[in-house]
Amino acid sequence: MGNLERVSRFTSDLATRGLLYAIAQDRIHSPIPLDPKENWAFWAQPQPSLMKWFARAYPPSPIRKAFLDSMLEQDHASGIESHYDVSNDFYALFLDNQYRFYSAADFLHEQDTLEDAQHNKAMYLRSLLRLQGNEKILDLGCGWGAMLKLLRDQGHSGELTGFTLSKEQLAYVQELGFNVSLTNFITTPFEHKPFDRILSIGALEHVRPDEVEIIHQKIYAALAPGGLAVHQFFSLEYEPYPASMVMIQLFFPGSLLVMHPVHIEAAKQAGFHITHDSIHDYKPTLRAWYDRLVAHREQALNLVGLETYNRYMTFFPISWLFFEQNEAKLHRVVMEKSVA
Ligand SMILES: C[S@@+](CC[C@H](N)C(=O)[O-])C[C@H]1O[C@@H](n2cnc3c(N)ncnc32)[C@H](O)[C@@H]1O
(Lines give C-alpha, C1' and ligand atoms only; values in the text may rest on other atoms or scores of the structure.)
Protein backbone atom coordinates (compact mmCIF):
# COMPACT_ATOMS: atom_id res chain seq x y z
CA MET A 1 0.00 0.00 0.00
CA GLY A 2 1.40 3.39 -1.00
CA ASN A 3 1.70 6.40 1.30
CA LEU A 4 -1.21 8.15 -0.34
CA GLU A 5 -3.53 5.19 0.17
CA ARG A 6 -2.36 4.90 3.77
CA VAL A 7 -3.14 8.56 4.46
CA SER A 8 -6.50 8.23 2.75
CA ARG A 9 -7.47 5.18 4.84
CA PHE A 10 -6.30 6.91 8.01
CA THR A 11 -8.42 9.96 7.24
CA SER A 12 -11.47 7.89 6.46
CA ASP A 13 -11.04 5.74 9.61
CA LEU A 14 -10.52 8.87 11.69
CA ALA A 15 -13.76 10.40 10.41
CA THR A 16 -15.93 7.29 10.70
CA ARG A 17 -14.37 5.11 13.43
CA GLY A 18 -12.39 7.48 15.65
CA LEU A 19 -8.80 8.35 16.51
CA LEU A 20 -7.55 5.20 18.20
CA TYR A 21 -9.14 2.92 15.59
CA ALA A 22 -7.39 4.90 12.83
CA ILE A 23 -4.05 4.72 14.62
CA ALA A 24 -4.41 1.02 15.41
CA GLN A 25 -5.38 0.18 11.82
CA ASP A 26 -2.44 2.18 10.52
CA ARG A 27 -0.01 0.42 12.85
CA ILE A 28 -1.39 -3.02 11.91
CA HIS A 29 -0.64 -2.18 8.28
CA SER A 30 2.79 -0.74 8.96
CA PRO A 31 5.19 -1.76 6.15
CA ILE A 32 7.77 -2.85 8.77
CA PRO A 33 7.49 -4.81 12.05
CA LEU A 34 6.43 -2.48 14.86
CA ASP A 35 9.21 -1.38 17.17
CA PRO A 36 8.51 -3.16 20.50
CA LYS A 37 9.52 -0.31 22.84
CA GLU A 38 7.98 2.54 20.90
CA ASN A 39 4.78 0.60 20.24
CA TRP A 40 4.18 -0.41 23.86
CA ALA A 41 5.01 3.08 25.09
CA PHE A 42 2.68 4.65 22.53
CA TRP A 43 -0.37 2.79 23.90
CA ALA A 44 0.62 2.46 27.55
CA GLN A 45 1.95 5.91 28.37
CA PRO A 46 -0.65 8.43 29.62
CA GLN A 47 -2.18 10.20 26.62
CA PRO A 48 -2.56 13.99 26.53
CA SER A 49 -6.00 14.81 27.99
CA LEU A 50 -7.32 16.34 24.76
CA MET A 51 -6.42 13.20 22.82
CA LYS A 52 -7.95 11.02 25.56
CA TRP A 53 -11.15 13.05 25.49
CA PHE A 54 -11.38 12.95 21.70
CA ALA A 55 -10.70 9.20 21.61
CA ARG A 56 -13.59 8.61 24.00
CA ALA A 57 -16.06 11.13 22.64
CA TYR A 58 -15.67 10.51 18.92
CA PRO A 59 -17.46 9.00 17.09
CA PRO A 60 -20.50 10.18 19.07
CA SER A 61 -22.57 7.39 20.58
CA PRO A 62 -25.36 7.26 17.92
CA ILE A 63 -22.76 6.77 15.14
CA ARG A 64 -20.86 4.28 17.29
CA LYS A 65 -24.02 2.34 18.03
CA ALA A 66 -25.09 2.30 14.37
CA PHE A 67 -21.68 0.95 13.34
CA LEU A 68 -21.70 -1.68 16.10
CA ASP A 69 -25.26 -2.73 15.22
CA SER A 70 -24.16 -3.25 11.62
CA MET A 71 -21.16 -5.31 12.81
CA LEU A 72 -23.43 -7.44 14.99
CA GLU A 73 -25.45 -8.44 11.95
CA GLN A 74 -22.54 -10.37 10.51
CA ASP A 75 -21.76 -13.98 11.33
CA HIS A 76 -20.34 -13.68 14.80
CA ALA A 77 -18.90 -17.20 15.00
CA SER A 78 -16.64 -16.76 11.98
CA GLY A 79 -15.08 -13.61 13.51
CA ILE A 80 -14.25 -15.60 16.66
CA GLU A 81 -13.03 -18.62 14.73
CA SER A 82 -10.67 -16.59 12.55
CA HIS A 83 -9.00 -15.09 15.65
CA TYR A 84 -8.22 -18.55 17.05
CA ASP A 85 -7.48 -20.29 13.76
CA VAL A 86 -4.45 -18.14 12.90
CA SER A 87 -1.99 -20.99 13.55
CA ASN A 88 -1.38 -23.26 16.55
CA ASP A 89 2.38 -22.83 16.11
CA PHE A 90 2.02 -19.05 16.23
CA TYR A 91 0.08 -19.12 19.52
CA ALA A 92 2.66 -21.52 20.94
CA LEU A 93 5.28 -18.77 20.51
CA PHE A 94 3.76 -16.58 23.22
CA LEU A 95 1.38 -18.69 25.35
CA ASP A 96 2.68 -20.60 28.38
CA ASN A 97 4.30 -23.80 27.27
CA GLN A 98 2.82 -26.01 29.98
CA TYR A 99 -0.92 -25.62 29.30
CA ARG A 100 -1.39 -23.04 26.50
CA PHE A 101 -3.91 -20.91 28.35
CA TYR A 102 -5.16 -17.96 26.30
CA SER A 103 -6.70 -16.22 29.30
CA ALA A 104 -5.59 -14.06 32.23
CA ALA A 105 -3.10 -15.57 34.69
CA ASP A 106 -2.24 -14.79 38.34
CA PHE A 107 1.24 -13.32 38.80
CA LEU A 108 1.48 -13.72 42.57
CA HIS A 109 5.21 -13.18 43.10
CA GLU A 110 7.69 -10.93 41.38
CA GLN A 111 9.68 -13.90 40.04
CA ASP A 112 6.62 -15.76 38.65
CA THR A 113 7.01 -16.88 35.05
CA LEU A 114 4.02 -17.02 32.71
CA GLU A 115 3.96 -20.78 33.36
CA ASP A 116 3.82 -20.22 37.16
CA ALA A 117 1.13 -17.57 36.76
CA GLN A 118 -1.09 -19.75 34.57
CA HIS A 119 -0.72 -22.59 37.04
CA ASN A 120 -1.69 -20.24 39.90
CA LYS A 121 -4.80 -19.13 38.03
CA ALA A 122 -5.80 -22.67 37.13
CA MET A 123 -5.45 -23.85 40.73
CA TYR A 124 -7.54 -20.91 41.92
CA LEU A 125 -10.30 -21.81 39.45
CA ARG A 126 -10.00 -25.47 40.39
CA SER A 127 -10.58 -24.53 44.03
CA LEU A 128 -13.73 -22.64 43.01
CA LEU A 129 -15.01 -25.82 41.31
CA ARG A 130 -15.00 -27.64 44.71
CA LEU A 131 -14.24 -31.04 43.21
CA GLN A 132 -14.37 -34.44 44.86
CA GLY A 133 -12.61 -36.09 41.90
CA ASN A 134 -15.23 -37.75 39.73
CA GLU A 135 -17.55 -34.94 38.65
CA LYS A 136 -18.62 -34.69 35.03
CA ILE A 137 -17.25 -31.38 33.77
CA LEU A 138 -17.93 -29.29 30.67
CA ASP A 139 -15.43 -26.60 29.61
CA LEU A 140 -17.22 -24.01 27.46
CA GLY A 141 -14.68 -22.48 25.07
CA CYS A 142 -11.88 -24.88 26.04
CA GLY A 143 -9.21 -23.31 23.79
CA TRP A 144 -6.16 -25.55 23.54
CA GLY A 145 -7.52 -27.77 26.34
CA ALA A 146 -5.48 -26.06 29.06
CA MET A 147 -7.94 -26.47 31.94
CA LEU A 148 -8.93 -29.98 30.88
CA LYS A 149 -5.24 -30.88 30.96
CA LEU A 150 -4.73 -29.34 34.39
CA LEU A 151 -7.72 -31.22 35.78
CA ARG A 152 -6.44 -34.49 34.36
CA ASP A 153 -2.91 -33.79 35.66
CA GLN A 154 -4.40 -33.14 39.10
CA GLY A 155 -5.98 -36.60 39.03
CA HIS A 156 -9.56 -35.79 38.12
CA SER A 157 -11.27 -39.04 37.12
CA GLY A 158 -14.70 -37.77 36.04
CA GLU A 159 -15.66 -37.27 32.38
CA LEU A 160 -14.15 -34.12 30.81
CA THR A 161 -15.78 -32.49 27.78
CA GLY A 162 -14.92 -29.31 25.88
CA PHE A 163 -16.54 -27.09 23.26
CA THR A 164 -14.71 -24.74 20.92
CA LEU A 165 -15.38 -22.89 17.67
CA SER A 166 -11.84 -23.29 16.39
CA LYS A 167 -10.81 -26.15 14.10
CA GLU A 168 -7.13 -25.60 14.93
CA GLN A 169 -7.86 -25.89 18.64
CA LEU A 170 -10.08 -28.92 18.09
CA ALA A 171 -7.29 -30.78 16.27
CA TYR A 172 -4.82 -29.92 19.03
CA VAL A 173 -7.10 -30.92 21.95
CA GLN A 174 -8.20 -34.15 20.30
CA GLU A 175 -4.52 -35.11 20.03
CA LEU A 176 -4.34 -34.72 23.81
CA GLY A 177 -7.10 -37.34 24.05
CA PHE A 178 -10.01 -35.20 25.24
CA ASN A 179 -13.65 -35.41 24.24
CA VAL A 180 -13.93 -32.06 22.46
CA SER A 181 -16.32 -30.95 19.74
CA LEU A 182 -16.88 -28.01 17.44
CA THR A 183 -20.03 -26.87 19.20
CA ASN A 184 -21.29 -23.32 19.20
CA PHE A 185 -22.43 -22.98 22.81
CA ILE A 186 -24.85 -20.20 21.91
CA THR A 187 -26.69 -21.77 19.00
CA THR A 188 -26.35 -25.52 19.60
CA PRO A 189 -28.02 -27.59 22.34
CA PHE A 190 -25.51 -29.05 24.83
CA GLU A 191 -25.03 -32.79 24.41
CA HIS A 192 -24.08 -35.28 27.15
CA LYS A 193 -25.87 -33.28 29.84
CA PRO A 194 -26.38 -33.10 32.76
CA PHE A 195 -22.99 -31.94 34.02
CA ASP A 196 -21.91 -31.55 37.64
CA ARG A 197 -19.73 -28.57 36.79
CA ILE A 198 -19.65 -26.16 33.86
CA LEU A 199 -16.69 -23.86 33.56
CA SER A 200 -15.60 -21.20 31.14
CA ILE A 201 -12.36 -19.24 31.03
CA GLY A 202 -12.20 -16.32 28.66
CA ALA A 203 -15.28 -17.42 26.72
CA LEU A 204 -18.22 -15.39 28.11
CA GLU A 205 -16.51 -12.32 26.61
CA HIS A 206 -17.75 -13.66 23.29
CA VAL A 207 -21.37 -13.65 24.42
CA ARG A 208 -23.14 -10.57 23.12
CA PRO A 209 -25.80 -8.57 24.98
CA ASP A 210 -28.70 -10.25 23.17
CA GLU A 211 -27.29 -13.72 23.99
CA VAL A 212 -26.70 -13.26 27.72
CA GLU A 213 -30.07 -14.49 28.95
CA ILE A 214 -30.04 -17.58 26.75
CA ILE A 215 -26.51 -18.66 27.71
CA HIS A 216 -27.18 -18.52 31.46
CA GLN A 217 -30.47 -20.37 30.98
CA LYS A 218 -28.71 -23.06 28.91
CA ILE A 219 -25.96 -23.49 31.49
CA TYR A 220 -28.52 -23.69 34.30
CA ALA A 221 -30.58 -26.29 32.42
CA ALA A 222 -27.48 -28.37 31.60
CA LEU A 223 -26.32 -28.58 35.24
CA ALA A 224 -27.38 -31.35 37.59
CA PRO A 225 -29.17 -30.23 40.80
CA GLY A 226 -26.52 -28.92 43.21
CA GLY A 227 -24.17 -28.24 40.27
CA LEU A 228 -21.83 -25.28 39.90
CA ALA A 229 -20.91 -22.95 37.06
CA VAL A 230 -17.51 -21.24 37.39
CA HIS A 231 -16.60 -18.47 34.96
CA GLN A 232 -13.61 -16.23 34.36
CA PHE A 233 -14.46 -13.39 31.99
CA PHE A 234 -14.22 -9.64 31.58
CA SER A 235 -17.17 -7.34 31.26
CA LEU A 236 -17.83 -3.64 30.89
CA GLU A 237 -17.77 -1.42 33.95
CA TYR A 238 -19.70 1.72 33.19
CA GLU A 239 -20.85 2.29 29.62
CA PRO A 240 -22.71 -0.11 27.31
CA TYR A 241 -21.31 1.19 23.99
CA PRO A 242 -17.87 2.68 24.72
CA ALA A 243 -15.65 3.89 21.85
CA SER A 244 -13.30 1.00 22.64
CA MET A 245 -15.94 -1.42 21.31
CA VAL A 246 -15.50 0.18 17.88
CA MET A 247 -11.77 -0.47 18.06
CA ILE A 248 -12.26 -4.07 19.20
CA GLN A 249 -13.85 -4.81 15.80
CA LEU A 250 -10.29 -4.84 14.41
CA PHE A 251 -9.57 -7.97 16.44
CA PHE A 252 -12.98 -9.61 16.96
CA PRO A 253 -15.36 -8.49 14.20
CA GLY A 254 -18.97 -8.73 15.37
CA SER A 255 -18.15 -8.84 19.10
CA LEU A 256 -19.65 -6.60 21.76
CA LEU A 257 -18.98 -6.84 25.50
CA VAL A 258 -21.69 -6.88 28.13
CA MET A 259 -22.04 -4.77 31.29
CA HIS A 260 -21.18 -6.89 34.34
CA PRO A 261 -24.49 -6.40 36.19
CA VAL A 262 -26.32 -7.61 33.05
CA HIS A 263 -24.51 -10.97 33.31
CA ILE A 264 -25.19 -11.28 37.02
CA GLU A 265 -28.86 -10.37 36.67
CA ALA A 266 -29.34 -12.85 33.80
CA ALA A 267 -27.71 -15.61 35.85
CA LYS A 268 -29.97 -14.85 38.81
CA GLN A 269 -33.03 -14.79 36.55
CA ALA A 270 -32.02 -18.23 35.24
CA GLY A 271 -32.14 -19.51 38.85
CA PHE A 272 -28.51 -19.26 39.98
CA HIS A 273 -27.25 -18.10 43.37
CA ILE A 274 -24.07 -16.06 42.97
CA THR A 275 -21.73 -17.17 45.73
CA HIS A 276 -18.43 -15.67 44.56
CA ASP A 277 -17.49 -12.68 42.39
CA SER A 278 -13.85 -11.56 42.61
CA ILE A 279 -11.87 -9.10 40.47
CA HIS A 280 -8.41 -9.86 39.05
CA ASP A 281 -5.80 -8.12 36.92
CA TYR A 282 -5.38 -9.03 33.22
CA LYS A 283 -2.59 -6.54 32.53
CA PRO A 284 0.51 -8.57 33.57
CA THR A 285 -0.57 -11.45 31.30
CA LEU A 286 -0.99 -9.14 28.31
CA ARG A 287 2.48 -7.74 28.91
CA ALA A 288 3.95 -11.24 29.23
CA TRP A 289 2.40 -12.35 25.90
CA TYR A 290 3.69 -9.21 24.23
CA ASP A 291 7.24 -9.77 25.50
CA ARG A 292 7.20 -13.39 24.35
CA LEU A 293 5.88 -12.45 20.93
CA VAL A 294 8.64 -9.86 20.58
CA ALA A 295 11.22 -12.44 21.67
CA HIS A 296 10.02 -14.73 18.85
CA ARG A 297 9.62 -12.05 16.24
CA GLU A 298 11.44 -13.81 13.39
CA GLN A 299 9.57 -17.11 13.86
CA ALA A 300 6.28 -15.24 14.12
CA LEU A 301 6.94 -13.32 10.91
CA ASN A 302 7.82 -16.55 9.12
CA LEU A 303 4.69 -18.30 10.37
CA VAL A 304 2.01 -15.65 9.95
CA GLY A 305 3.51 -12.74 8.03
CA LEU A 306 3.87 -9.04 8.78
CA GLU A 307 0.23 -7.96 9.07
CA THR A 308 -0.76 -10.64 11.58
CA TYR A 309 2.41 -10.04 13.60
CA ASN A 310 1.66 -6.31 13.76
CA ARG A 311 -2.01 -7.05 14.55
CA TYR A 312 -1.09 -8.96 17.73
CA MET A 313 1.60 -6.39 18.57
CA THR A 314 -1.24 -3.85 18.51
CA PHE A 315 -3.89 -6.05 20.17
CA PHE A 316 -1.96 -6.71 23.42
CA PRO A 317 -1.14 -3.09 24.37
CA ILE A 318 -4.61 -1.87 23.35
CA SER A 319 -6.14 -4.53 25.58
CA TRP A 320 -3.74 -3.50 28.36
CA LEU A 321 -4.91 0.11 28.00
CA PHE A 322 -8.53 -1.00 28.11
CA PHE A 323 -7.97 -2.55 31.58
CA GLU A 324 -5.67 0.25 32.71
CA GLN A 325 -8.50 2.71 32.05
CA ASN A 326 -10.89 0.46 33.98
CA GLU A 327 -13.27 0.19 31.05
CA ALA A 328 -13.61 -3.51 31.81
CA LYS A 329 -12.69 -5.72 34.73
CA LEU A 330 -11.80 -9.37 34.87
CA HIS A 331 -14.14 -11.37 37.11
CA ARG A 332 -14.25 -14.88 38.52
CA VAL A 333 -17.79 -15.83 39.36
CA VAL A 334 -19.31 -18.92 40.95
CA MET A 335 -22.97 -19.62 40.18
CA GLU A 336 -24.74 -22.36 42.15
CA LYS A 337 -27.81 -24.35 41.22
CA SER A 338 -29.87 -25.48 44.21
CA VAL A 339 -30.10 -29.16 45.08
CA ALA A 340 -33.88 -29.21 44.69
C1 LIG B 1 -9.89 -16.65 24.90
S2 LIG B 1 -10.13 -18.30 24.39
C3 LIG B 1 -9.95 -19.12 25.96
C4 LIG B 1 -9.63 -20.56 25.82
C5 LIG B 1 -9.41 -21.33 27.10
N6 LIG B 1 -10.59 -21.39 27.91
C7 LIG B 1 -8.24 -20.79 27.87
O8 LIG B 1 -8.43 -20.31 28.98
O9 LIG B 1 -7.14 -20.87 27.35
C10 LIG B 1 -11.91 -18.38 24.08
C11 LIG B 1 -12.42 -19.72 23.68
O12 LIG B 1 -13.85 -19.65 23.60
C13 LIG B 1 -14.29 -20.32 22.43
N14 LIG B 1 -15.60 -19.78 22.06
C15 LIG B 1 -15.98 -18.49 21.96
N16 LIG B 1 -17.29 -18.41 21.60
C17 LIG B 1 -17.74 -19.69 21.49
C18 LIG B 1 -18.99 -20.27 21.15
N19 LIG B 1 -20.05 -19.52 20.86
N20 LIG B 1 -19.09 -21.62 21.14
C21 LIG B 1 -18.01 -22.40 21.43
N22 LIG B 1 -16.80 -21.90 21.77
C23 LIG B 1 -16.66 -20.56 21.80
C24 LIG B 1 -13.18 -20.09 21.42
O25 LIG B 1 -13.24 -21.05 20.38
C26 LIG B 1 -11.97 -20.25 22.33
O27 LIG B 1 -11.67 -21.62 22.45
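In this predicted model, F94, Y102 and F316 touch the most other members of the largest nonpolar core, which has 59 residues; such a core is a set of buried Ala, Val, Leu, Ile, Met, Phe, Trp, Tyr and Cys residues joined through side-chain atoms within 4.5 Å, where buried means under 20% relative accessible area with a 1.4 Å probe and protein chains only. Local features need pLDDT of at least 70 and side-chain atom pairs pLDDT 80 or more, whereas totals for chains, interfaces and linings use all residues. Residues are numbered from 1 along each chain as its sequence is written, and side-chain values use heavy atoms, with hydrogens and water left out.

**Nonpolar cores**
- Helix α15, a DSSP run (H or I, at least four residues) covering residues 297-324, gives the most to this core, with 13 residues.
- Leaving aside residues up to four places away in sequence, F316 touches W40, F94, Y102, L286, W289, Y290 and L293, a contact being heavy atoms within 4.5 Å.
- Another core, of 26 residues, lies apart from it and includes V207, F233, A266 and M335.

**Ligand surroundings**
- Among the 21 residues around the ligand, Y102, S103, G141, Q169 and I201 come nearest, where a heavy atom within 4 Å is required.
- By class, this shell holds 10 nonpolar, 10 polar and 1 charged residues, with Pro counted as nonpolar and Gly as polar.
- Polar contacts, pairs of N or O atoms within 3.5 Å, include a polar side-chain atom of Q169 at 2.7 Å from a ligand oxygen atom and a side-chain N or O atom of N184 at 2.9 Å from a ligand nitrogen atom.
- The protein covers 97% of the 590 Å² of accessible area that the ligand has on its own, by the Shrake-Rupley method with a 1.4 Å probe.

Definitions and conventions:
Buried < 20%, exposed > 50% of the residue type's maximum accessible area, 1.4 Å probe, protein only. Helix = DSSP H or I, 4+ residues; strand = E, 2+ residues; numbered from the N terminus. Polar contact = N/O pair within 3.5 Å; in protein donor to acceptor, adjacent residues only side chain to side chain.
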